[in-house]
Amino acid sequence: MIHMNAKTIGVGTTAVLVLIYFLVAVGPRYTDPEGYAPADTHRSRTALEDEGRKLYIAYGCQYCHSQYLRQGDWGLGAERIAEAGDYAGDYAPQLGSSRNGPDLSQEGGEHSDDWHFAHFYNPRWTRPESIMPPFDYLRPEETKALTAYVQSLGHKLADERVARQWKWRKEAIAAYEAGVDENVEWLHANVPEGWLRVPNPYPITPVSFKRGETIYQRHCIGCHGPVGDGQGPAAAFIYPPPLNFTTLRRHGIEGGATGGMLYYQIMNGITGTAMPYFKRELESEKIWDVSNYVAKQFIGVVDANAEPKGIDAAFEPVEPAPAPPAL
Ligand code: HEC
Ligand code: HEC
């Protein structure tokens, strides 16, 4: 018969704590990291990527980022559910427990290297509302190693995405260096024909215009700049640089400055360049709203609610809305 007195409680608590310590802190040291078969998509890291992994741990990235996706995370657009074999050879696997930031297990190839350089220097330049701290004190070699590491996350799947980034990057740079008009022609030649002919289905109302402006400030301003000339603070890190929207003026709707073109580019991003895709972050209506905002505010060529149009959306004002204030 055990009596619940101060002594038994003290000894019991200590015993439980010691047991937990051995299970959680000491035990894993003696499990064999090679002991489970690597997943099909697994590959080992290069020396530079290993360097980056050390920095990842040293700078505490794992306090905010996880590296495993569960079934329940699929709604976020996850590419792959994590398996034990994804971590073969890792001591300790950087699973992380806190998801203050997005899961990074499939981060490789999601963005181009220049996006990461700008993002590490100041996350708010590429994502204006980010709470990730700036790592502007890293030496250039450190930024390179960290970028190599995050680009390797996802192993062989990441390699495929990274290869795609580099393939398009070469073309994007060649187009940019050929000249301003050539670049726009190249950009629009890669937008499927149908999208180039679709006008923005929504009229510009004062409210939708304001919404478009807010979305622009929350997602685009760090690269494309407050006046849409591509001179946001991130531009210093980005090549080819963020598009200057005012150059689209002379191309007009026939040259592809349509609502549909804007929608397609914003939804899908431009692989190989720092232009990210927004299909996971912005709902359809928000993409149309920010497209109308960019068209009216910076390009000055607007096809909102133009023919051909379908059945009006139920939420649209019955009376033609007054034009938004001239800015
Ligand atoms: C205080 C928490 C925090 C810390 C520490 C942190 N991050 Fe982040 N990170 C975030 C948040 C929040 C986001 C989402 C917003 C953004 O993109 O900045 C993010 C985004 C990212 C992304 C972009 C993911 C994507 O594709 O959208 C990468 C890559 C990244 N972090 C890497 C790192 C690395 C490497 C470190 C350590 C050097 C680090 N983070 C430290 C919170 C953090
Ligand atoms: C991290 C930087 C970055 C962010 C953030 C960004 N862009 Fe871009 N964007 C670019 C770059 C770089 C290009 C051009 C690449 C080129 O010239 O090859 C581009 C091109 C575009 C184009 C292509 C235009 C055309 O004629 O084909 C559109 C439209 C666009 N951006 C809209 C947006 C909108 C809207 C947002 C916010 C929701 C946004 N971008 C956020 C960097 C960015």
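## Around ligand 1

Which helix gives the most to the shell around ligand 1? The answer is helix 3, residues 113-121, with four residues. Helices here are DSSP runs of H or I with at least four residues, numbered from the N terminus.

Before going on, a word on the model: it is predicted, so local features need pLDDT of at least 70 and side-chain atom pairs count only at pLDDT 80 or more, while totals for chains, interfaces and linings use all residues. Residues are numbered from 1 along each chain as its sequence is written, chains are lettered from A and ligands numbered from 1 in the order in which they are written, and side-chain values use heavy atoms, with hydrogens and water left out.

In total, 22 residues surround ligand 1, each with a heavy atom within 4 Å of the ligand. The closest are C61, C64, H65, R127 and M132. By class, the shell has 13 nonpolar, seven polar and two charged residues. Here Ala, Val, Leu, Ile, Met, Phe, Trp, Tyr, Cys and Pro count as nonpolar, Asp, Glu, Lys and Arg as charged, and the others, Gly among them, as polar.

## A look at F117

Helix 3 is also the place of F117. This residue is partly exposed, with a relative accessible area of 28%; the term covers values between buried, under 20%, and exposed, over 50%, using a 1.4 Å probe and protein chains only.

Leaving aside neighbours within four places in sequence, F117 is in contact (heavy atoms within 4.5 Å) with T143, T147 and F237. F117 and K144 are 27 residues apart in sequence, yet their C-alpha atoms are 8.0 Å apart in space.

## Around ligand 2

Ligand 2 is surrounded by 26 residues, and the closest are H188, C220, C223, H224 and M275. Its shell divides into 19 nonpolar, seven polar and no charged residues. Helix 7 (180-189), helix 10 (221-224) and helix 11 (259-268) each supply at least two residues, and helix 11 gives the most, with four.

Oxygen atoms of ligand 2 lie 3.0 Å from a side-chain N or O atom of N183 and 2.6 Å from one of H188. A nitrogen atom of ligand 2 is 2.8 Å from a side-chain N or O atom of H224.

Technical notes:
A polar contact is a pair of N or O atoms within 3.5 Å; within protein, one must be able to donate a hydrogen and the other to accept it, and residues adjacent in sequence count only if both atoms are side-chain atoms.
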